[in-house]
Amino acid sequence: MIGAVKSFITSSQLANIAQNTTQSVAAETTLKSIGRPGFILIDKDIDSDTKQYAAAKEFLYQATCLAVYMALIVPVFKKGGFQVAKKYIFKNTEGFEHFKDVKEYMYYRKLADNPSVNNRMKTLEKERLTDKTKIRDKYNTTLQQELEKKDPDKFAYVKGAVELSNIIGSVLGLAILAPQVSHAFIHPALKLLGLEKKKDKTEQTDKIDTKA
Amino acid sequence: MAVADLIKKTCKSLGENNKPTYVVMAIAAVKGICRPAFTMMDKTENPETKKYTALREGLTEVIAIPAYWGCGELAGKLAKKAFNSDKALANRAEKNLMFIGVCTAALFVIPALCSVAIKPIMHKIGLKAPEGHKNEEPKNLQMPAESNQTAMLKTPASFNKIIYPKMSTFTSRPQIGLRVGGL
């Protein structure tokens, strides 16, 4: 048991998620979308109708946030941020010159994170499924030499630019855009699920023009 | 130029260590400004409700920022102490536990802190939940602070909404010019 906890805490995969803005935000939002409605449903002080309504509303809000985030913010800001930093801020320096796009950098970073040089070399010799070329051919000589070193350069500026762009995207998406989208989507969805009743007739009579 | 340098410095620092607390604190900070602002801009809601809701939303985020930071840093320090023998392992454990700390804050700590702290703070400021908000509370919740007498004195919400005609409506004489005495 202790061994399992220790290996979970020191897991390199979890560390990658923790260091990646989009993955950590997505994981956190997923946890919220399961956990918060779950806690509402467990609460014994609330009657079942209110519980169902509140849990469904919370779940729909978090799910909308996640959907908006994954569909719009991640692709736009991840790719866009890299290109803006490459062209305008760093002007093809500090490691940006070695990579065409963010996908290429992320793959290099994954390889560089591997502590075993032998494993890295084996991966470089593998063939790609799409065009049957070796992975090594994707990288220029500088990158290949770096990957042969024990501690290769991970190009912190490139990673930082991607993360900064992701943070800006996350803030815009989750603090401004997602609440607006969910506001428009939640009430029709709740009505469709039969959890939100139409307004009472008594409320409607209140709005009748008394001046007439 | 200074802005570009600042961006470069930020990029370098984020590239070397992107703590999970940064993004959640940034989101909470922007939410703390934007959500109350959006609420106050809503023209359909009455001013008292708007004030109450905006302050409540702002307070939630004010509580969330130190909670995220505290939970993340505390978990990180715990990892450093637990794995002080191996530096590489301690570094990885610090990042992971920080992330777990942030998730714990979002799931348990912030909702708990908000439910404990917000009501007393709102009372101190002198803001009480408007009628609409009171209706949102659980139906079977007992309110011991409210005596039967005060509950009976309260008028129903619909009663307040009835518009009574003004006396001036029934006067036949012109409502302009100098008038002396009476209506």
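In the predicted model, A:D101 is in contact with A:K79 and A:F82, when its neighbours within four places in sequence are left aside. A:D101 and A:F82 lie 19 residues apart in sequence, and their C-alpha atoms are 7.1 Å apart in space. In chain A, the loop between α4 (48–89) and α5 (102–113) holds A:D101. A residue is classed as exposed if 12 or fewer other C-beta atoms lie within 10 Å of its own; A:D101 has 12 such neighbours inside 10 Å and therefore counts as exposed.

Contacts between the two chains were also examined. In total, 38 residues of chain A are in contact with 39 residues of chain B. On the side of chain A that touches chain B, at least two residues are supplied by each of α2 (12–19), α3 (21–42), α4, α8 (156–192) and α9 (201–206). The largest share of this side, 14 residues, comes from α8(A). Sorted by class, the side of chain A that touches chain B comprises 19 nonpolar, 12 polar and 7 charged residues.

Chain B was then considered by itself. Its secondary structure consists of 7 helices and 0 strands, and the order of elements from the N terminus on is α-α-α-α-α-α-α. Of the 183 residues in chain B, 25% are buried. Among the contacts in chain B that link residues at least 6 apart in sequence, 67% join residues at least 24 apart.

Notes: Residues numbered from 1 in each chain as written. Chains lettered and ligands numbered in written order. Predicted model: local features only at pLDDT ≥ 70, side-chain atom pairs only at ≥ 80, totals over all residues. Helix = DSSP H or I, 4+ residues; strand = E, 2+ residues; numbered from the N terminus. Buried ≥ 20, exposed ≤ 12 C-beta atoms within 10 Å, placed from the backbone. Contact = placed C-beta atoms within 7 Å. Nonpolar A, V, L, I, M, F, W, Y, C, P; charged D, E, K, R; others polar.
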